[in-house]
Number of protein chains: 6
Amino acid sequence: MRPSNRAPNELRPVRFTRHYTKYAEGSVLTEFGDTKVLCNVSAEERVPRFLKGTGQGWITAEYGMLPRATGTRSNREAAQGRQGGRTMEIQRLIGRSLRAIVDLSALGELTLTVDCDVIQADGGTRTAAITGCYVALIDAVNNLMKKSILIHNPIHGQLASVSVGIYKGIPILDLDYREDSSAETDMNVVMNESGAFIEIQGTAEGHAFRMNELYTMLDLAKNGIETLITKQSQALLR
Amino acid sequence: MRPSNRAPNELRPVRFTRHYTKYAEGSVLTEFGDTKVLCNVSAEERVPRFLKGTGQGWITAEYGMLPRATGTRSNREAAQGRQGGRTMEIQRLIGRSLRAIVDLSALGELTLTVDCDVIQADGGTRTAAITGCYVALIDAVNNLMKKSILIHNPIHGQLASVSVGIYKGIPILDLDYREDSSAETDMNVVMNESGAFIEIQGTAEGHAFRMNELYTMLDLAKNGIETLITKQSQALLR
Amino acid sequence: MRPSNRAPNELRPVRFTRHYTKYAEGSVLTEFGDTKVLCNVSAEERVPRFLKGTGQGWITAEYGMLPRATGTRSNREAAQGRQGGRTMEIQRLIGRSLRAIVDLSALGELTLTVDCDVIQADGGTRTAAITGCYVALIDAVNNLMKKSILIHNPIHGQLASVSVGIYKGIPILDLDYREDSSAETDMNVVMNESGAFIEIQGTAEGHAFRMNELYTMLDLAKNGIETLITKQSQALLR
Amino acid sequence: MRPSNRAPNELRPVRFTRHYTKYAEGSVLTEFGDTKVLCNVSAEERVPRFLKGTGQGWITAEYGMLPRATGTRSNREAAQGRQGGRTMEIQRLIGRSLRAIVDLSALGELTLTVDCDVIQADGGTRTAAITGCYVALIDAVNNLMKKSILIHNPIHGQLASVSVGIYKGIPILDLDYREDSSAETDMNVVMNESGAFIEIQGTAEGHAFRMNELYTMLDLAKNGIETLITKQSQALLR
Amino acid sequence: MRPSNRAPNELRPVRFTRHYTKYAEGSVLTEFGDTKVLCNVSAEERVPRFLKGTGQGWITAEYGMLPRATGTRSNREAAQGRQGGRTMEIQRLIGRSLRAIVDLSALGELTLTVDCDVIQADGGTRTAAITGCYVALIDAVNNLMKKSILIHNPIHGQLASVSVGIYKGIPILDLDYREDSSAETDMNVVMNESGAFIEIQGTAEGHAFRMNELYTMLDLAKNGIETLITKQSQALLR
Amino acid sequence: MRPSNRAPNELRPVRFTRHYTKYAEGSVLTEFGDTKVLCNVSAEERVPRFLKGTGQGWITAEYGMLPRATGTRSNREAAQGRQGGRTMEIQRLIGRSLRAIVDLSALGELTLTVDCDVIQADGGTRTAAITGCYVALIDAVNNLMKKSILIHNPIHGQLASVSVGIYKGIPILDLDYREDSSAETDMNVVMNESGAFIEIQGTAEGHAFRMNELYTMLDLAKNGIETLITKQSQALLR
């Protein structure tokens, strides 16, 4: 039924390539099938103005797509002179999600910037980004602790993200582009390691969805995220 | 328990002042307590490039806050030279929600732009905006049909929106600013007249929220939206 | 003769609604007939760089029109990425005029920003803005003195503004949009309470105007402004 | 009394250097004392969108200051990414004034752009610009008629501009920078060849000015402009 | 002597990974040692305005660096709202170089955009980009000819690029970051397959360089480019 | 053979008009034939952030063209909201070249900004700018030393710049616009007073150029620059 022949509750092959670039404190190429997002964590000894002098740090995210990450070339935002609404929306979501598992006081006056750059897009770039950022963040924190830039580990939870939706009337997990572009409903879920919600964003594309459809989708998401969290932990052991 | 002394499932006083300005095809000042949003609908005989020649119309939203709509003055986005991420996120949400109840083919090559300008903000500006836009949209469509600019009514549903959240451990409906700024969870829900979801966006601000908390919040939202839909219909009868 | 049936020297109904919004130090909805401008005064404990350390304060104005304040929708300046020339011209005029009646040394290192947002435009938005700003400024100053943020009252004069023009050969006072758009001459005058000029800006739209026409227009303006100043004082007594 | 030792009603030496650059249809370096403004007229066979298909042309002005035209270097507007309010205000004034003496229908669908670039500023750059633009415009029109790009001469009047002000209590003509920066009142007047007003913009910098002071200043301006108009005509004869 | 222990005339290991992403008409990850640049070619059936109706096509380049491609994070140009001078300079160089080997008439009204995005930077990103673009361009053209979008092969030459410089007094080939940042002279050379110059850009960073130093550097470049051209051809055979 | 009837190795008439404007620390109108560039040096007691506290100064350049410096009017970059790639490229070249002859430590925490504004363009604006900047810089430094703002002369070399190219198969010196626009090769060379290279930028416009053509062009450049350096010195003696 699915263009990819996956079962409704089947994730795409997931891969985390750690240490993908050599400079970033944490650098993970995250693949959800053909979706490839590079997640780089950078640490800088500065904080935004509203935190100066508070002893507290900050973590924020930026998101970008290479112009030809998609089937038709999109304009380069740097050349356009501004980031589009979709970009803004996604990077705000990623940053907010990550802050939910980080103790900003334990960071000290340090800013962690997580750059999520989409090399190739095939649906689910924001969920792949969030899921990969966790791995990159752990690598970055370990790095910074080894160098004594961080004394306490500020990460107090684990999180992953996946999309769910209703496609041809059937709830499915981890939509690829072909599914996403014709789904009736599209929802992105971010959960922590104990199955609680950090973020949930659902949109009816075709018809409005009912409470029971929501429940079914959330169950799919919960199981998918459990698997992703296991895969993150395995990747971090290698 | 609530700073406003409202019961957990109690909406703020809601008011729709129709025909608030004289030029717009539909113009409604929407009040949710001290939150005041002016919703103006403008019709223009043009469509975005990707729709040219398709016979189909478009509906989009723009959102702005007067600089002193809030307790401390925020910079004017026009002077800054760009709209912030929050503004983008909100206006995309409003536009997407309204498109869910409009048949774009029935519009013909007409664009409806809904301007939501916040005169005074006390929490819930986006939900007030969406709820008021419905009323303004009905007025605009009736106007355009009376002038034979529209032949068929393109509105095929009704929608309203409200926020829910968890405040001091208790799920509450329609958060005002004091509640919003210290809530552990904040969720905006858009539903149609038959209680189905058009959009759901929830964020854990403090701790991640569990499935049962989600269900309780969604029930609160459902009841609140039913009331709002009744109030919209009453306002349109006057 | 006038589309509005007013006598040549007749102002439109003028109304000042004080305390229009709840946060601003001074907040006045100013109406000149169907022209409605919200004037909000905000006080901030900062000054522009060129005044730092001088002990002197600043007062400045910003002006904006809601997109559908006019008969046809104009683009939102925030979305355009810049303020137009007309906006710049008007906000510079308002700021300059207000500075003429304020003793910046008595302000201390405080900035007063006056936001003039046009809810509905029917000609004369800048003159309504200036006239309403005076009322909002007085409210703001009283507020700040009550809170001991200001010790000395920095306002040393009163001012109001009105437009005059030549319409179908006849000098008239306080042009509305229909008059303004076909006037041969259009002039905005700002005067203080003793009938002296703070600002005068006149433009020949059709034919160049002669010295005697100028004198007649200035007489009209003088009388109009006297009335406006009385109305301001009455509004402040309520 | 004046820093320059001029009599109150004395203009600075005025010079028009025609054909200052070799490409522009009209090119005049205009000097009012040490103020030097290059006025270049360019003709292009296009009109703004709102005039397309009307058979009518357009004339517009742009204004700029070289960064070191003044005593201290100001930032380059191109590098800043936007034109300041003062620039906008001035170029709108110049364009409006020139349109008052041009029959746009006689232009055909042609746009004349007048670039006024200040090489050196010593007060009165906008009045020098307007006065020089007239000479450049005549040269441009003659050029275009010689090449049969224009059939009818669209110029139906002559105009010049000068500043007047009150300096140390005395009304003076054509203020230089030292006078301008400490004048109590500053007024720019644009008049045509029969002494009628095209534009008048006066600002009280120190105290508000009275009606009789206005009259005296306008008389000074009228005489100054008569002289400038004679000098323009002489320059055009050479 | 070189930090990398390379001989003065030794290139870094060079690798071209073709078909790196799946959507672009040509997609090559180009590696010069640790410098990694993704070169994606996109074909679009449009031309810039100045070519409309000429039957001629266009080829242009855009360049970007991921924020953490370097040792310290640089700001995202899309977030800054503009491309920096270095970016502009490089993308102009790449586009100009490629146009030197493409017959724009044979393209028809087609635009080829070459996106060069630096994943990791270790000196020589522009030379790696140009060299890799050739490979991506050949792939793209073959693709387009297979699909009959192109009838004639518009590529009439081959080109590659390398940097040379003087480091600690010795002319060296293909500088990496450590060499580049302390080189006395830095030169980028683009040559075609017969050893003729397409572009040469040299800068004295420390002391000015003499004619004989220039000659030695150009010889190094010539030999390096010959090798690169062989490697390109080999990569295209695979 | 050359449109200008010059011999292949013949410069255009060169003129340096010192003290062209009255405010700048150094101000030189530089003419290479019909190319006229105003070079103004401004000194400011500030340095860019990366130099704060280092005791070192900075020298930078900005470049602009008046809109009608050329045969057809180009858009004003300030109105466009950004500087184009060509502008950026040129001003970076000028700044880099000047820094090669200035000892930034001897400057102290002072910034010299060199504004190069093209009044009229007929090819070679960047080479005229660089050549004229040297003269303006000497004037500025002498000025600053006279005022004891500078204690030590930071200029430790002399430099000039000229273009060379291949036109109709023949290497020529100092291309004017007609030559430049149809040259097969175009090269800009910056050399110091001992004939060593500071910058060399060559582009094949038509066919790629061979090593021997390069040598011939560089010889032409060397001789041209020697002459320019003599003329600079003569101008500084006057």
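Two residues count as being in contact here when they have heavy atoms within 4.5 Å of each other. With that cut-off, 38 residues of chain E are in contact with 38 residues of chain A. Keep in mind that this is a predicted model.

**How E sits against A**

Start with how the two copies are related.

How much area goes under between them? Chain E and chain A bury about 3000 Å², and carbon and sulfur atoms give 47% of that. On the chain E side, Y23(E), R68(E) and R73(E) supply 26% of the area buried against chain A, more than any other three residues.

The rule finds 16 salt bridges across the interface of chain E and chain A. One of them pairs R73(A) with D115(E), with the closest N and O atoms 2.6 Å apart.

**How F sits against E**

Now turn to the other partner of chain E in this account. Here 31 residues of chain F are in contact with 31 residues of chain E. Between them the two chains bury about 2700 Å², with 56% of it on carbon and sulfur atoms. E89(F), F197(F) and M211(F) supply 20% of what chain F buries against chain E, more than any other three residues.

The count of salt bridges between chain F and chain E is 4. In one salt bridge, the side chains of R96(E) and E89(F) meet at 3.8 Å, N to O. The elements of chain F that give two or more residues to the side touching chain E are helix 2 (85–99), strand 8 (185–192), strand 9 (197–204) and helix 6 (211–237). Which of these gives the most? Strand 9 of chain F does, with 8 residues. Sorted by class, this side of chain F has 14 nonpolar, 9 polar and 8 charged residues.

Strand 9 also pairs across the boundary: 5 bridges join strand 9 (residues 197–204) of chain E to strand 9 of chain F, and the two run antiparallel. Within that pairing, I200(E) stands opposite G202(F).

**The two interfaces in a table**

| Chains | Buried area | Carbon and sulfur share |
|---|---|---|
| E and A | about 3000 Å² | 47% |
| F and E | about 2700 Å² | 56% |

**Pairs that don't touch**

Some chains keep apart. No contact joins chain A and chain D, and their closest C-alpha atoms lie 11 Å apart. For chain C and chain E, there is again no contact, with the closest C-alpha atoms 11 Å apart.

Conventions
Residues are numbered from 1 along each chain as its sequence is written. Chains are lettered from A and ligands numbered from 1 in the order in which they are written. This is a predicted model: local features need pLDDT of at least 70, side-chain atom pairs count only at pLDDT 80 or more; totals for chains, interfaces and linings use all residues. Side-chain values use heavy atoms; hydrogens and water are left out. Buried area is the accessible area (1.4 Å probe) that two parts lose on being put together, summed over both. Helices (H or I, at least four residues) and strands (E, at least two) are DSSP runs, numbered from the N terminus. Ala, Val, Leu, Ile, Met, Phe, Trp, Tyr, Cys and Pro count as nonpolar, Asp, Glu, Lys and Arg as charged, and the others, Gly among them, as polar. Two strands pair if DSSP finds at least two bridges between them.
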